[in-house]
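I opened the model today to look up its fold, its surface and its charged pairs. My entries follow in the order I made them.

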Amino acid sequence: MLTTLNTAYTDTRAADLAWALGREPLPALATLDIELADAKLQLRLLGASHQVLLEEERGTCSETVACIAGSSSPLPLGVAKRAGDWEYEFAARVETLSRGSFAGRAQELLALVADHPNGLAGVFPGSPHAFTAMLAQRHDGQVHWRTWHAYPQEGQLVATRTKVGVRVPATL
């Protein structure tokens with residue numbers, strides 16, 4: 001699903017993004033509810049990037065990547081956590097592209113997400129290449145999602161990958 005977000009573009013720099021796990025739902029400009037087998041997922045576009053809410057029989061998980069006022073948790077390159085029966089893995093990378101490459105990559109990503117049944121993308125007014133996009137799937141018993149945050153004024157694209165699933169006990 002592709003939508004135009006009715007708000008000013010608030011993420012001004014990729015370096016302003018922060019990561020948080022376990023936050024309460026924040027006000028969203030657009031949402032997409034998805035059911036992936038026994039998992040309920042809500043993709044949420046915020047005025048300051050994204051939030052994903054996951055609910056399964058074993059519990060819930062909330063991931064927020066946004067410009068969070070007063071946050072002291074910058075966007076990490078990677079996180080791996082165990083919480084009860086859950087395993088959570090997160091990775092982020094920042095790509096810096098030329099103006100022409102950026103425009104092409106933006107169009108490619110928006111086309112990928114716009115027509116995908118588990119995809120949500122929001123374009124900010126004022127720039128066709130200022131967007132946040134999200135795509136979710138279930139694979140091998142785990143829920144996966146990818147996100148892209150575009151900063152055309154810097155030529156930067158922040159890409160994240162997340163994997164959440166039930167911890168599999170080690171076998172002897």
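Predicted model: local features only at pLDDT ≥ 70, side-chain atom pairs only at ≥ 80, totals over all residues.

What percentage of the 172 residues in the protein is buried? I found that buried residues make up 46% of them. Buried here means under 20% relative accessible area, exposed means over 50%, and partly exposed lies in between (1.4 Å probe, protein chains only).

Residues are numbered from 1 along each chain as its sequence is written, and side-chain values use heavy atoms, with hydrogens and water left out.

**Entry: fold**

I looked up the elements next. The protein has 1 helix and 12 strands. Helices (H or I, at least four residues) and strands (E, at least two) are DSSP runs, numbered from the N terminus. I read the order from the N terminus as β-β-β-β-β-β-β-β-α-β-β-β-β.

Then I checked overall size. The radius of gyration is 16 Å, which agrees with the value near 16 Å for a compact globule of 172 residues. That radius is taken over C-alpha atoms, and the globule rule is 2.2 Å times the number of residues to the power 0.38. Along the principal axes, the C-alpha atoms fill a box of roughly 55 × 35 × 30 Å.

I also looked at contacts, meaning heavy atoms within 4.5 Å. Of those between residues at least 6 apart in sequence, 57% join residues at least 24 apart.

**Entry: surface and charge**

The protein exposes about 8900 Å², and carbon and sulfur atoms supply 51% of that. These areas come from the Shrake-Rupley method with a 1.4 Å probe; for residues, only the protein chains shown count as cover.

I noted 15 positive and 18 negative charges, with mean positions 5 Å apart. Lys and Arg count as positive and Asp and Glu as negative, while His and the chain ends are not counted. Each charge is placed at NZ of Lys, CZ of Arg, CG of Asp or CD of Glu.

**Entry: salt bridges**

How many salt bridges does the protein have? I get 6, taking a salt bridge as a side-chain nitrogen of Lys or Arg within 4 Å of a carboxyl oxygen of Asp or Glu.

I started with Arg138 and Glu56, whose side chains meet at 2.9 Å, N to O. Arg138 lies in strand S10 (residues 131–139) and Glu56 in strand S5 (residues 49–56), so this pair ties together parts 82 residues apart in sequence. Arg138 is partly exposed at 26% relative accessible area, whereas Glu56 is buried at 13%. Asp38 joins Glu56 and Arg138 in a network of salt bridges.

Arg93 pairs with Glu95, with the closest N and O atoms 3.4 Å apart. Arg93 is partly exposed at 43%; Glu95 is buried at 18%. Arg82 pairs with Glu87 at 3.6 Å, and Arg82 is exposed at 60%.

**Entry: backbone**

Most residues other than glycine have a negative phi. Ala37 has a phi near 55°. Ala37 sits in the loop between strand S3 (30–36) and strand S4 (39–46), and is exposed at 66%. Asp140 has a phi near 50°. Asp140 sits in the loop between S10 and strand S11 (142–151), and is exposed at 67%.
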